[in-house]
Protein chains: 2
Amino acid sequence: MKHLNKSDLNALESRYRANLINSCSGIKSVNLIGTKNNSGTTNLAIFNSVMHIGSNPPMLGFILRPTTVRRDTYTNILDQKKFTINQIPYDLIECAHQTSAKYEANTSEFDELNIEKEFIKEFEAPFVKSSALKIACSYTNSYLIEENGCRLIIGEIEHLIYDDRAQEKDGWLDVSKLKSTACIGLDAYVETKLIKRLSYAKPHKNLE
Amino acid sequence: MKHLNKSDLNALESRYRANLINSCSGIKSVNLIGTKNNSGTTNLAIFNSVMHIGSNPPMLGFILRPTTVRRDTYTNILDQKKFTINQIPYDLIECAHQTSAKYEANTSEFDELNIEKEFIKEFEAPFVKSSALKIACSYTNSYLIEENGCRLIIGEIEHLIYDDRAQEKDGWLDVSKLKSTACIGLDAYVETKLIKRLSYAKPHKNLE
C-alpha cells in the first residue's frame with residue numbers, strides 16, 4: 001500500500017495530483033447537462049458530480065467548478081432557471097466526453113457533435129434524445145464553497161422521463177440495465193453490473 | 001418511455017418515490033466513513049454521496065441527511081474534526097450495508113459486525129483494514145442546504161493510502177481494478193468494468 005500524507009500530496013505535480021484525487025472518491029455518476037441561453041443557443045456539457053439531494057421534494061445537485069473562466073451551463077441556468085440532466089448510454093461516451101472541449105461562445109455542442117436534441121412542450125431546456133433517463137430541473141439555489149470557489153447547484157425535478165423496463169415494482173430503477181455509463185476521475189468511463197440489492201438494515205436482523 | 005411530471009412525482013407513495021429519485025441520478029460512489037467519539041467509541045457508517053470537491057488543496061465532500069435524528073458520524077466529526085473514507089471491496093458489501101442499521105448509541109459497528117479496524121499513528125479516526133483505498137480527512141466546513149435540511153460536509157485530505165498496483169503513471173487510479181463497489185439508489189450494489197480512458201478534449205480534435 002502506498003501512503004501519501006498532506007505534504008506528499010502538496011508536492012505532487014498538479015496534473016498528477018488532479019488525476020489521483022479525482023479518482024480516489026470512487027466510481028462517479030456521469031451525466032450530460034442541457035441548457036439554453038437567452039439568445040436560444042443550446043448547450044450541452046458533461047458533469048461527473050450529479051447527486052441525490054432529496055426525494056421530497058425531489059431534488060438533485062451538482063458541483064460547478066470556479067467561475068474564473070466562462071461557464072456556459074451556469075450562466076444559462078441563472079438566465080433561464082432550467083436545465084436537463086441526461087444519462088449517457090455507452091455508445092454516446094466519446095461525444096459526451098467531447099462536450100468538455102472549450103468551444104467558442106454561442107456554439108451548440110448538440111450541433112457541433114451531432115447529438116440529437118429533443119424538447120418537450122412543457123419545458124424550455126433541451127434533452128439528449130438517445131438518453132434512456134432524462135430529468136428536467138428548475139434551478140433552486142446555489143451554495144458557494146468558500147474553500148475553493150466551487151458551487152453546489154441545486155435543482156428541483158420537474159419532469160422525469162425514463163425507460164421503465166428497468167424499473168422494479170417498488171420504484172427502484174436499475175440504471176445498469178439502461179447501459180448508464182459511470183466514470184472514474186476525469187476521463188475514464190466504466191460499465192456496471194448489478195451484484196445484488198439488499199433489504200433495509202435493522203440491528204441484529206439478517207439481510208435478505 | 002414513462003413520463004412523470006411534478007404532480008405525478010408528488011402523488012407517489014413516499015417509499016416508491018424515494019427509491020425512484022435515489023436511483024435516477026445514476027451510478028453512485030459508496031464508501032464507509034469511520035469516526036470516533038469523545039469517549040473513544042469508534043463508529044462506521046455507509047455513505048453513497050462522497051464526492052470530489054477539489055484537488056488543490058485536496059478536498060472531498062459528502063451529503064449528510066437532516067439532523068432530526070441521531071447522526072453519530074456528524075457529531076463525531078464536529079467533536080474530533082477527523083474522519084476516514086474507506087472504499088468498499090465486493091466481499092464487504094453485506095457488512096457495509098448493515099452499518100446503516102440504527103444501533104444503540106456507543107455501539108461500534110466495527111465490533112458489532114466484525115469489521116477489522118486499523119489506525120495509523122498520525123491520525124485519530126479508524127480505518128477499515130481490508131479497504132484497498134483509505135482516506136483520512138480533517139473537517140473543514142459544513143454547508144446547510146436550506147431546501148431540505150441536508151448538509152454538505154467538506155474535508156481536506158490528510159492521508160491517502162491505496163494499493164498502487166491500480167495506479168497509472170499519470171496518477172490516475174483505476175478503482176475498478178480494486179474491486180471498488182458502487183451503488184444504485186439506497187440498497188443496490190454494482191461492480192464496474194473499465195470501458196476506456198479518453199484524451200483531454202479540444203475543439204475539432206479527435207479523441208484518443
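Mentor: We begin with a definition: a residue is buried under 20% relative accessible area, exposed over 50%, and partly exposed in between. Please keep in mind that this is a predicted model.

Trainee: Why is B:Asp72 called partly exposed?

Mentor: The relative accessible area of B:Asp72 is 22%. Buried requires a value under 20% and exposed a value over 50%, so B:Asp72 belongs in between and is partly exposed.

Trainee: What makes the contact of B:Asp72 and B:Arg70 a salt bridge?

Mentor: Their side chains meet at 2.9 Å, N to O. The cut-off is 4 Å between a side-chain nitrogen of Lys or Arg and a carboxyl oxygen of Asp or Glu, so the pair qualifies as a salt bridge. B:Arg70 is partly exposed, with 47% relative accessibility.

Trainee: How do you know whether B:Lys134 is buried or exposed?

Mentor: B:Lys134 has 3% relative accessibility. Buried means under 20%, so B:Lys134 counts as buried. The side chain of B:Lys134 forms a salt bridge with that of B:Glu118 at 2.6 Å, N to O. B:Lys134 lies in strand E10 of chain B and B:Glu118 in strand E8 of chain B, so this pair ties together parts that are 16 residues apart in sequence. B:Glu118, at 26% relative accessibility, is partly exposed.

Trainee: Why is B:Glu208 called exposed?

Mentor: Its relative accessible area is 65%. Exposed means over 50%, so the term applies to B:Glu208.

Trainee: What makes one face of helix H3 of chain A the buried one?

Mentor: The buried residues of H3 (residues 72-80) of chain A are A:Thr73, A:Tyr74, A:Asn76 and A:Ile77. Viewed down the axis of H3(A), they fall within an arc of 165 degrees, so they line one face of the helix. These buried residues pack against several strands of chain A, including strand E3 (31-36) and strand E10 (133-145).

Trainee: How do you know which kind of axis relates chain B to chain A?

Mentor: Chain B is superposed on chain A by a rotation of 180 degrees with 0.0 Å of shift along its axis, and the RMSD is 0.0 Å. That is the relation of a two-fold axis. The same surface serves both copies, as 100% of the contact residues of chain B recur in chain A.

Methods:
Residues numbered from 1 in each chain as written. Chains lettered and ligands numbered in written order. Predicted model: local features only at pLDDT ≥ 70, side-chain atom pairs only at ≥ 80, totals over all residues. Heavy atoms only, no water. Buried < 20%, exposed > 50% of the residue type's maximum accessible area, 1.4 Å probe, protein only. Helix = DSSP H or I, 4+ residues; strand = E, 2+ residues; numbered from the N terminus. Arc of directions from axis to C-beta. Contact = heavy atoms within 4.5 Å. Least-squares fit on C-alpha atoms with pLDDT ≥ 70 in both.
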